[in-house]
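Here are a few exercises on how parts of a protein model meet. Have the sequence and the 3D view open, and try each task before you read on.

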Amino acid sequence: MGAIMIYCPNSPPGKTIMKTPVTNVQPRNRRELIAALQRVLPSQALLSETEDLRPYECDGLSAYCELPMLVALPDTVEQVRAVLVACHERGVPVVARGAGTGLSGGALPCSNGVLLSLAKFNRILEIDAANRTARVQPGVRNLAISQAVAHLGLYYAPDPSSQIACSIGGNVAENAGGVHCLKYGLTVHNIQMLSFLTIEGELITVGGAALDAPGYDLLAFMTGSEGLLGVIVEITVKLLPQPERAQVVLAAFDDVEKAGAAVAAIIGAGIVPAGLEMMDNLAIRAAEQFVHAGYPVDAEAILLCELDGVNEEVSEQILQVREIFQQCGATESHTARDERERALFWAGRKAAFPAVGRLAPDYYCMDGTIPRKHLARVLRRIGEMSAEAGLAVANVFHAGDGNLHPLILYDANKPGDLERTERLGAKILELCVAVGGTITGEHGVGVEKINQMCIQFSASALAQFHALKHAFDPRGLLNPGKAVPTLQRCAEYGAMHVHGGKVLFPDLERF
Amino acid sequence: MTDTNDSADQLREQVRVAAHSGVPLQISGGGSKSFYGRATVGTPLSTIAHRGIVTYDPGELVITARAGTPLTQIEAALAEKNQMLAFEPPYLGESATLGGAIATGLSGPRRPYVGAARDFVLGVKLINGQAEILSFGGQVMKNVAGYDVARLMVGALGTLGVLLEISLKVLPRPATELTLVQHRTPNEAIEVMNIWARRPLPLSACCYDGDGLYVRLCGADSAVRAAHDKIGGEILTNAQNFWHALREQFHAFFDGPLPLWRVAVPPARPSLRIPGKWLIDWGGAQRWLKSDTDAATICRTAAEGGGHATLFRGGDRGGYIFHPLAPGLLALHQRIKNAMDPQHIFNPGKMYPNL
């Protein structure tokens, strides 16, 4: 060790919109790093001019911005390794970035660090139809995998709403979900092998070509680790046969509680829908105005229930689901007449975020998960908190797996609005934890929810996370300041006490 | 013994003493899988008294139970609500506990079609090597807050911590199950299993025992009937017994004194050339081998086939058990072990000699 630890100055406790703050990098050190990286990268693969860095200053959570010191765009594993080794030797932070569509600021750069873009790793390396897998580079777009194997009757199941643009490497880093998680699982359930480079430049492969691998389940451990443990350079994903048929039923309710009861009744009947989505009135009206999906705009809630599988089973389950909707007091329910109408029903749901975005200059998307049984209570409480804060909230909900996306409407140009929004968001997440849920279902912690980690986890659990991070990245150079808060930060946040000043693992660095 | 008992404090105290003295602990549940892994020595720590279902809410598809809870108790509670542990944990003995099922991470015949034990773990409460009680994950389906320590514990053979509680996703039982039998050669069987897996068929198990190819279909009546028409084959009448015998290794294949190997390979891999008796499960992805061929040959052949081999039962329990890890990966395992169990008190050597 011996070198000076450089701390990423991101995410101070009271951050708002951040523009490049004071950097603690000496110009001399920066020049020396540029020279070192120029030796290992083609000239066009290293960006250092401010106007070239600008596109990388934020990810999908644009309220947080920071210019990186440099951007590296390697296109071989050897180049990635060389960048990591150069940064490790100099104690320079590295933030890996896929397509930059993440919603929690996980790819927010460090002003004193290198932003490592994996965008050029966009090749599908091998499709193994017999074993139903595809070996791909991390920059391959999620949807591109399904498109490449469609002719084989196969597809890649996880479908985050950004699937047209998001990269599979980012999906692994965030353990991305989508609307079909309840039946088909998250990213962690749909990958089989990963290769990653440690910050020291060592190539490690976890998982394998078989369904399991010897040793600890590091495939699962790497998934969702938000770029803090290693830089993923190759992924083998599992492919599933395309279902024979998919059909969707739309039902309207005059009461959110009734819709919640219908969700419980479907699950209780032993049906595992491919997707089960709920939208509240504000979200329904926004979506309807935007895409004219045929949603009933006076409903308090709608449910979209997708059933897929063998033709006969889908037919049987549609009848069952429609009967359940009726018993639960649906004011209306329709089965999509054809593929066009099915696509239209989904178009409204998939456009819900941008549609809500048209109702106000800005919106802030939350991502808590709750036990489904608390749905009505949580939505009621969100309504009350929204009124108290004077900020409208639209609710879009992966009802099948309890993953709630409240969208808070605000105006960033109105003084104090963003701060109020963040306070409301924090209260919503704390409510999710209070009912036995979690602060993030699929978007990751990033910088966004770092304070709420102090509420969800005990001091000793956080210290355990730091010890595990240390096992991969002892100097804390990979994506510093994200995902796991320091105990000190939690103490400042006031949510937790470090008893008697006693810190666990006192010999460990805190990052 | 009562159905419910919380002995977390006693277990924690035992860990605290061990961490202080540095005397290793040998963790066990019901002892049904104590043969598995490498032989170890240490002071016994039994989770068997820490038992009982903590919460079970069928509408949430989640059950949380203490590690010492017998699997029979969990499966009975689920069956009452027409639900199940979809990964079909092998008991390998009546005394099997939930903690043992998760620590070994073993899964039954349904695994290739619905997922393994690790896929159903949502959260755990554990004691780490510093005698702290920690919770990771949770009781909800989607949760990406913090590193996935819960899944890290699955299959870690108790080398990283003492499991106290586990939350699992459960699934509804299928309305109908039907098993069909076809007579095939081994390579035909492997090929046809993988052709089926590429089609949207309601498969829930697929095995070849050297004689017959057994395929289990599940789902709505109509779906199972339609799939039967597509696949063909004779209906097996005592199907539940067959799959139970396979999962529990009562099937005649498992008889006899030869060491039992578990060879995991890409499912479509044609037969491996290792002398011995083979049984192909998991649609080709898990192959059982009864053989006295030397470990080095089996290990090498499995690796050449794209997979790995485990000496599951019998043979030299102090020699080769699990496929060796690449040096960088082993070093990472050791650092993870140090992070969870700095005094190396939990089942040292159970998985690899230096872990």
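A salt bridge here is a side-chain nitrogen of Lys or Arg within 4 Å of a carboxyl oxygen of Asp or Glu. Keep in mind that the model is predicted.

**Exercise 1. Find the domains of chain B, and describe how domain 1 of chain B meets domain 3 of chain B.**

Step 1: count who touches whom. Domain 1 of chain B brings ten residues into contact with six residues of domain 3 of chain B.

Step 2: look at the area. About 700 Å² is buried between these two domains, and carbon and sulfur atoms give 68% of that. On the domain 1 side, Phe35(B), Tyr36(B) and Pro112(B) supply 49% of the area buried against domain 3, more than any other three residues.

**Exercise 2. How many salt bridges and polar contacts link domain 1 of chain B and domain 3 of chain B?**

Step 1: apply the 4 Å cut-off. The count between domain 1 of chain B and domain 3 of chain B comes to zero salt bridges.

Step 2: go on to polar contacts. The rule finds one residue pair across this interface, both residues at pLDDT 80 or more.

Step 3: sort by class. The side of domain 1 of chain B that touches domain 3 of chain B has seven nonpolar, two polar and one charged residues.

**Exercise 3. Now take chain B against chain A: what is the buried area, and which three residues of chain B supply more of it than any other three?**

Step 1: count the contacts. On chain B, 73 residues are in contact with 83 residues of chain A.

Step 2: read off the area. The two chains bury about 6400 Å² between them, with 61% of it on carbon and sulfur atoms.

**Exercise 4. Which residue of chain A forms a salt bridge with Lys142(B)?**

Step 1: tally the salt bridges. There are six between chain B and chain A.

Step 2: zoom in on Lys142(B). Its partner is Asp401(A), with the closest N and O atoms 3.9 Å apart, and that is within the 4 Å cut-off.

Step 3: Between chain B and chain A, 27 residue pairs qualify, both residues at pLDDT 80 or more.

Step 4: ask which element gives the most on the chain B side. That's helix α11 (residues 327-340) of chain B, with nine residues. By class, the side of chain B touching chain A holds 39 nonpolar, 16 polar and 18 charged residues.

Methods:
Residues are numbered from 1 along each chain as its sequence is written. Chains are lettered from A and ligands numbered from 1 in the order in which they are written. This is a predicted model: local features need pLDDT of at least 70, side-chain atom pairs count only at pLDDT 80 or more; totals for chains, interfaces and linings use all residues. Side-chain values use heavy atoms; hydrogens and water are left out. Domain bounds come from an automatic or database domain assignment. Contact means heavy atoms within 4.5 Å. Buried area is the accessible area (1.4 Å probe) that two parts lose on being put together, summed over both. A polar contact is a pair of N or O atoms within 3.5 Å; within protein, one must be able to donate a hydrogen and the other to accept it, and residues adjacent in sequence count only if both atoms are side-chain atoms. Ala, Val, Leu, Ile, Met, Phe, Trp, Tyr, Cys and Pro count as nonpolar, Asp, Glu, Lys and Arg as charged, and the others, Gly among them, as polar. Helices (H or I, at least four residues) and strands (E, at least two) are DSSP runs, numbered from the N terminus.
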